[in-house]
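Visitor: I have a structure open and I am new to this. Please show me how to read its features.

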Amino acid sequence: MAKLINIGFGNGVNSDKILAVVSPDAAPVKRMVTRAKEAGLIIDATQGRRTKAVIILEGGSILLSALQPETVSRRFNADYAGKDDREEAEEEHE
């Protein structure tokens, strides 16, 4: 069953469409993002903040998030359910 995963700042992504969540620091990931920008396949959900996670979606689209990859993965796995809202807000502003 598909769920929307909060990727920060009121944005969500269909959990059934996520293939991978990776850090943007590696050179191959940077190349992938550059190529996706050229092809018009980037969805920027960072709200002007630094990209901390690159979410690769089915169909070749790439989603940029200002949340840490670990945070997105935790939300995907629903392990964050008992977490205090203040802690999540602090992570979004890191």
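**Reading the core**

Guide: Ile5, Ile7, Val13, Ile18, Ala45, Ala53, Ile55, Leu57, Leu63, Leu67 and Val72 form the largest nonpolar core, 11 residues in all. A nonpolar core is a set of buried Ala, Val, Leu, Ile, Met, Phe, Trp, Tyr and Cys residues joined through side-chain atoms within 4.5 Å. Buried means under 20% relative accessible area, exposed over 50%, and partly exposed in between (1.4 Å probe, protein chains only). This is a predicted model: local features need pLDDT of at least 70, side-chain atom pairs count only at pLDDT 80 or more, and totals for chains, interfaces and linings use all residues. Residues are numbered from 1 along each chain as its sequence is written, and side-chain values use heavy atoms, leaving out hydrogens and water.

Visitor: Which strands each supply at least two residues of this core?

Guide: In soluble globular proteins, nonpolar side chains tend to be buried together. Here, β1 (4-8) and β5 (53-57) each supply at least two. The largest share, three residues, comes from β5. Strands (E, at least two residues) and helices (H or I, at least four) are DSSP runs, numbered from the N terminus. A second, separate core has seven residues, including Val29, Val33, Ala36 and Leu64.

Visitor: What does Leu57 touch?

Guide: Contact means heavy atoms within 4.5 Å. Not counting residues up to four places away in sequence, Leu57 touches Val13, Lys17, Ile18, Leu19, Ile43 and Leu63.

Visitor: Is Ser65 buried or exposed?

Guide: Ser65 is buried, with a relative accessible area of 0%. Ser65 lies in strand β6 (residues 62-65). Its contacts beyond four places in sequence include Ile7, Ala53, Ile55 and Val72. The side chain of Ser65 also reaches the backbone nitrogen of Leu67 at 3.1 Å.

Visitor: Is Leu4 buried or exposed?

Guide: Leu4 is exposed, with a relative accessible area of 67%. Leu4 is in strand β1. Leu4 touches Gly12, Val13 and Asn14, not counting residues up to four places away in sequence. Leu4 and Asp16 are 12 residues apart in sequence, and 8.8 Å apart in space, C-alpha to C-alpha.

Visitor: Which residues of helix α2 are buried?

Guide: In helix α2 (residues 69-76), they are Pro69, Thr71, Val72 and Arg75. Seen down the axis of α2, these buried residues fall within an arc of 165 degrees, so they line one face of the helix. The arc is that of the directions from the helix axis to the C-beta atoms.

Visitor: What follows α2?

Guide: Ala78 follows α2, and its phi is positive, near 60 degrees.

Methods. Polar contact = N/O pair within 3.5 Å; in protein donor to acceptor, adjacent residues only side chain to side chain.
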